[in-house]
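Please read the following report alongside the model itself.

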Number of protein chains: 2
Amino acid sequence: MSTTIRPRRARVREKQITMAHGAGGGATRTLVEALFLEAFRNPLLEPLEDQAVFDITGRMAFTTDAHVVRPLFFPGGDIGSLSVNGTVNDLAVSGARPLYLSAAFILEEGLAVADLSQIVMSMAEAARAAGVSIVTGDTKVVERGKADGCYITTAGVGVIERPVVLGSVLARPGDAVLVSGPIAEHGVAVMLARGELGIEADVRSDTAPLHGLIGALLDAAPSTRCLRDATRGGVGTVLNELASASRTGIIVSETAIPVNNQVRAVCELLGLDPLQVACEGRFVAIVGPEDADAALAALRSRPDGAQAAIIGRVEPEPAGTVLVRTAFGGKRVVLTPTGDPLPRIC
Amino acid sequence: MSTTIRPRRARVREKQITMAHGAGGGATRTLVEALFLEAFRNPLLEPLEDQAVFDITGRMAFTTDAHVVRPLFFPGGDIGSLSVNGTVNDLAVSGARPLYLSAAFILEEGLAVADLSQIVMSMAEAARAAGVSIVTGDTKVVERGKADGCYITTAGVGVIERPVVLGSVLARPGDAVLVSGPIAEHGVAVMLARGELGIEADVRSDTAPLHGLIGALLDAAPSTRCLRDATRGGVGTVLNELASASRTGIIVSETAIPVNNQVRAVCELLGLDPLQVACEGRFVAIVGPEDADAALAALRSRPDGAQAAIIGRVEPEPAGTVLVRTAFGGKRVVLTPTGDPLPRIC
């Protein structure tokens with residue numbers, strides 16, 4: 001129960017965002033107090049100074065992501081939950097406990113205040129679920145047509161309390177390659193939400209915070225070498241980056257990779273490789289062989305890791321290359337796509 | 001001298017940004033390595049992981065700002081230097097020493113790579129001048145027309161090493177009100193750079209890092225109550241926020257406010273109040289009366305504070321109101337503009 005005196009509750013009277021909401025004067029102040037402060041309220045944000053101040057000690061992780069997903073709302077999430085989980089996960093894969101987030105909004109003139117309000121509530125809910133606070137922010141408005149409703153850039157800080165040493169250069173031959181759950185769901189969900197393909201399928205984004213699951217993994221598998229959340233470019237791009245950084249080869253088995261049926265069907269229909277389609281709530285882990293089984297068991301013991309799998313192994317060569325052993329026993333190279341079959345999915 | 005082996009220097013071959021540069025695959029990687037890493041190179045950024053990791057101890061400040069200034073280049077600066085200095089200054093006004101910045105780019109398809117390169121070099125130069133490192137980042141691309149070349153969101157962390165207690169609620173009657181230099185230059189420079197007004201004047205943006213000057217002030221004036229950089233909404237908006245937060249009145253003298261001649265002339269021509277026009281390298285300080293002279297002397301002792309001035313005083317009432325005593329001996333209320341006569345100046 002708060003005992004703060006609130007003499008006058010700010011309210012946004014307009015139905016749509018106007019240029020004035022981004023001008024830094026009275027309209028901006030009202031928007032910040034009525035929408036952002038109401039939804040995100042916490043002691044660090046409350047003074048509404050231009051920065052948040054807190055005490056911290058130790059190893060810290062710091063990250064940022066811009067979010068330009070189109071459409072703003074899709075099955076399983078929206079740009080709000082995505083922008084919180086995306087930054088939470090970039091902290092989590094360093095072994096950090098995410099603590100504080102910033103949120104900078106670029107709003108398009110004409111955006112429905114009701115839509116913005118829904119996005120902001122979704123951010124607040126995602127922050128609560130992830131145990132983080134949104135402690136500082138900024139709002140700008142650009143003219144009609146100069147954005148797609150809104151772009152949200154979050155940054156985050158977290159503290160690394162475990163004695164982990166993680167890095168994409170650390171993978172070594174013999175290590176196991178795991179994914180934390182079925183892949184390609186976010187990319188497919190967003191693509192279908194655009195309604196341009198004439199395909200209907202019940203696919204929801206996997207957007208979710210990963211630090212709880214990662215904590216369980218790190219407890220069970222001290223030999224964890226590196227962690228990466230598989231967003232743009234999908235698991236295939238992450239594997240290529242790891243193979244390249246560690247100068248190893250990575251071989252994965254197509255049949256071992258968890259892909260849910262509807263996602264697989266959509267990918268087949270569109271000629272997409274699920275390995276190249278984004279997730280927003282899955283990570284790739286490279287773990288020493290001695291901990292592979294323990295790692296898998298730890299992941300599967302949690303609901304959010306129930307479909308985790310060991311999908312392959314690190315090999316000495318061909319260095320910098322990712323191979324997939326197909327269901328038919330052949331092998332093919334998994335390339336990093338130059339572009340993306342699915343632009344603006346996050 | 002770096003002894004790092006660089007087997008192959010990445011190069012962006014395209015003349016313009018394409019959607020592929022934001023897709024997270026090979027083209028994004030090349031852009032990041034060739035432009036961002038080359039310009040910002042430092043040990044924390046170099047691993048190109050999704051987050052930077054460093055040690056920190058003590059009170060920390062954390063802030064963010066989205067930058068959507070139009071045009072991208074203007075006399076005295078560009079969106080690059082602005083996005084670094086803006087975040088450096090939001091840290092500095094908390095008394096923090098700025099340390100690390102993140103940079104998230106939303107690029108418009110078709111942006112000239114040469115322009116982006118110039119912006120990135122300007123960020124690197126501003127970071128060097130401010131003594132901060134850009135340690136993590138993100139790049140997204142949106143379709144042609146969906147942004148104005150580029151939007152840049154920076155976030156920053158700094159450490160508060162001084163035993164300062166600053167806050168907009170702390171102003172009290174009798175305190176002196178100072179500004180660190182001539183006001184309204186940034187807003188006027190950007191407005192003129194749009195070339196829509198048919199006015200020519202030699203006005204350059206004041207964009208600059210403020211933490212050096214603020215350090216000098218805090219050393220000289222331990223009774224400093226609050227500091228605010230005067231950006232959107234100008235000095236007038238800052239004064240209103242301070243009066244409102246501290247439930248005091250603030251009275252300033254029009255003749256005491258430093259405004260350079262060309263800026264004054266442009267404002268008069270356009271009917272603008274310089275108090276409502278943005279700066280990007282000036283701050284307002286509220287200082288206990290016992291330290292007012294020492295504060296002014298400390299500011300004026302530095303080239304970047306040579307035109308600092310005591311512009312007014314905090315009064316017991318009318319609470320929440322800012323008054324200006326005009327050159328003719330009258331008084332008028334300085335309002336917080338609802339919108340802004342000059343949208344998108346930062």
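The sections below describe this predicted model.

## Basis of the values

The model is predicted, and local features are reported at pLDDT of at least 70, side-chain atom pairs count only at pLDDT 80 or more, and totals for chains, interfaces and linings use all residues. Residues are numbered from 1 along each chain as its sequence is written, chains are lettered from A and ligands numbered from 1 in the order in which they are written, and side-chain values use heavy atoms, with hydrogens and water left out.

## Domains of chain A

Chain A is divided into domain 1 (19-160) and domain 2 (168-333), with bounds that come from an automatic or database domain assignment. The centres of the two domains of chain A, taken over C-alpha atoms, are separated by 28 Å.

In chain A, 21 residues of domain 1 are in contact with 21 residues of domain 2, where contact means heavy atoms within 4.5 Å. Between domain 1 and domain 2 of chain A an area of about 1,600 Å² is buried, and carbon and sulfur atoms give 60% of it; buried area here is the accessible area (1.4 Å probe) that two parts lose on being put together, summed over both. The count of salt bridges between these two domains of chain A is zero, a salt bridge being a side-chain nitrogen of Lys or Arg within 4 Å of a carboxyl oxygen of Asp or Glu.

## Interface of chains A and B

The contact between the chains takes 74 residues from chain A and 74 residues from chain B. Together, chain A and chain B bury about 5,600 Å², with 54% of that area on carbon and sulfur atoms.

Ten salt bridges are found across the interface of chain A and chain B. The side chains of B:R232 and A:D138 also meet in a salt bridge, with an N to O distance of 2.9 Å.

## A salt bridge within chain A

Over all chains, the structure holds 40 salt bridges. In one of them, the side chains of A:R162 and A:D219 meet at 2.5 Å, N to O. Because A:R162 lies in the loop between β6 (150-160) and β7 (176-179) of chain A, while A:D219 belongs to helix α5 (residues 211-220) of chain A, the pair ties together parts that are 57 residues apart in sequence. Helices (H or I, at least four residues) and strands (E, at least two) are DSSP runs, numbered from the N terminus.

## Packing of α4 with α7

In chain A, helix α4 (residues 185-193) packs against helix α7 (residues 261-270) at an angle of about 65 degrees, with the axes 10 Å apart. Axes are lines fitted to C-alpha atoms, for helices over the stretch in contact, and angles run from 0 to 180 degrees between N-to-C directions. The crossing of α4(A) and α7(A) is left-handed, meaning that the near helix is turned anticlockwise from the far one by less than a right angle. From α4(A) the contact is made by A:E185, A:V188, A:M191 and A:L192, and from α7(A) by A:V263, A:V266, A:C267 and A:L270.

In chain B, the axes of helix α4 (residues 185-193) and helix α7 (residues 261-270) come within 10 Å and cross at roughly 65 degrees. The crossing of α4(B) past α7(B) is left-handed.

## Backbone geometry

The peptide bond from A:E317 to A:P318 is cis, with omega near 0 degrees, and A:P318 is placed in the loop between β11 (309-315) and β12 (321-325) of chain A. A cis peptide bond, with omega near 0 degrees, also runs from B:R70 to B:P71, and B:P71 is found in the loop between β1 (52-67) and β2 (73-74) of chain B.

Although B:R247 is not a glycine, this residue has a positive phi of about 50 degrees. B:R247 is located in the loop between α6 (234-246) and β9 (249-253) of chain B.
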